[in-house]
Amino acid sequence: MAKALRLFMLAEAATFIVAAAIHGGLLIRGYEHREARIAESVIAIVLLAGATLTWIRPASARAMGLGAQGFALLGTLVGVLTIAIGIGPRSALDIIYHVAIVGVLVWGLAVAWRARMAV
């Protein structure tokens with residue numbers, strides 16, 4: 001179960017890195033947004049740190065998964081709020097990404113919740 005948890009967090013982090021690169025203008029032009037890039041970068045770092053800590057302290061994998069993915073979900077919900085009130089990026093790509101990643105993060109939290117305390 002810890003392996004699945006690590007894979008979730010690494011995959012989630014990868015999507016946030018791609019989203020940050022898009023909002024930084026590195027992959028696709030026209031979607032630049034400084035605040036979104038910063039938030040996505042911070043979320044990616046937290047997820048990568050959480051995944052790394054599951055290898056360093058496998059007995060804490062469940063807690064790391066819940067903490068890192070919970071932080072990512074909270075940050076993503078802030079992004080959804082900024083889209084809803086009109087201060088965040090509102091492209092179709094942003095909306096689709098947020099809906100999808102919320103689902104993946106909730107799924108990842110369920111995997112973390114079911115993970116054993118010790119690996």
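Predicted model: local features only at pLDDT ≥ 70, side-chain atom pairs only at ≥ 80, totals over all residues.
Biologist: What makes R29 exposed, and what makes E32 partly exposed?

Modeller: Exposed means over 50% relative accessible area, and partly exposed covers the range between that value and the 20% limit for buried. R29 has 64% and is therefore exposed, whereas E32 has 38% and is therefore partly exposed.

Biologist: How are the charged side chains of the protein made up, and how far apart do the centres of the two sets lie?

Modeller: There are 10 positive and 5 negative side chains, and the centres of these two sets are separated by 15 Å.

Biologist: How do you know that the radius of gyration agrees with that of a compact globule?

Modeller: For 119 residues the globule rule gives a value near 14 Å, and the protein has 14 Å, so the two agree. The box filled by the C-alpha atoms, taken along the principal axes, is roughly 45 × 25 × 15 Å.

Biologist: Which secondary structure elements does the protein have, and what pattern do they follow?

Modeller: The protein has 4 helices and 0 strands, and along the sequence the pattern reads α-α-α-α. Of the contacts with a separation of 6 or more, 74% are between residues 24 or more positions apart.

Biologist: Why is A112 called buried?

Modeller: Buried means under 20% relative accessible area, and A112, at 0%, therefore falls in that class. A112 belongs to helix α4, which covers residues 92-114, and, once neighbours within four places in sequence are left aside, its contacts are L5, R62, G65, L66 and Q69. A112 and A84 are 28 residues apart along the chain, and their C-alpha atoms are separated by 29 Å.

Biologist: Why does S60 count as buried, while P58 counts as partly exposed?

Modeller: The cut-off for buried is under 20%; S60, at 17%, is below that value and so counts as buried, whereas P58, at 30%, lies between 20% and 50% and so counts as partly exposed. S60 is in the loop between α2 and α3, and P58 is also found in the loop between α2 and α3.

Biologist: What makes T52 partly exposed?

Modeller: T52 has a relative accessible area of 40%, which lies between the limits of 20% and 50%, and T52 is therefore partly exposed.

Biologist: What share of the residues is buried, and what share of the accessible surface belongs to carbon and sulfur atoms?

Modeller: Buried residues are 39% of the 119 residues, while carbon and sulfur atoms hold 73% of an accessible surface of about 6600 Å².

Methods:
Residues numbered from 1 in each chain as written. Heavy atoms only, no water. Helix = DSSP H or I, 4+ residues; strand = E, 2+ residues; numbered from the N terminus. Rg over C-alpha atoms; globule rule 2.2 N^0.38 Å. Buried < 20%, exposed > 50% of the residue type's maximum accessible area, 1.4 Å probe, protein only. Contact = heavy atoms within 4.5 Å. Areas by Shrake-Rupley, 256 points an atom, 1.4 Å probe, with all protein chains shown as cover. Lys, Arg positive; Asp, Glu negative; His and termini not counted. Charge placed at Lys NZ, Arg CZ, Asp CG, Glu CD.
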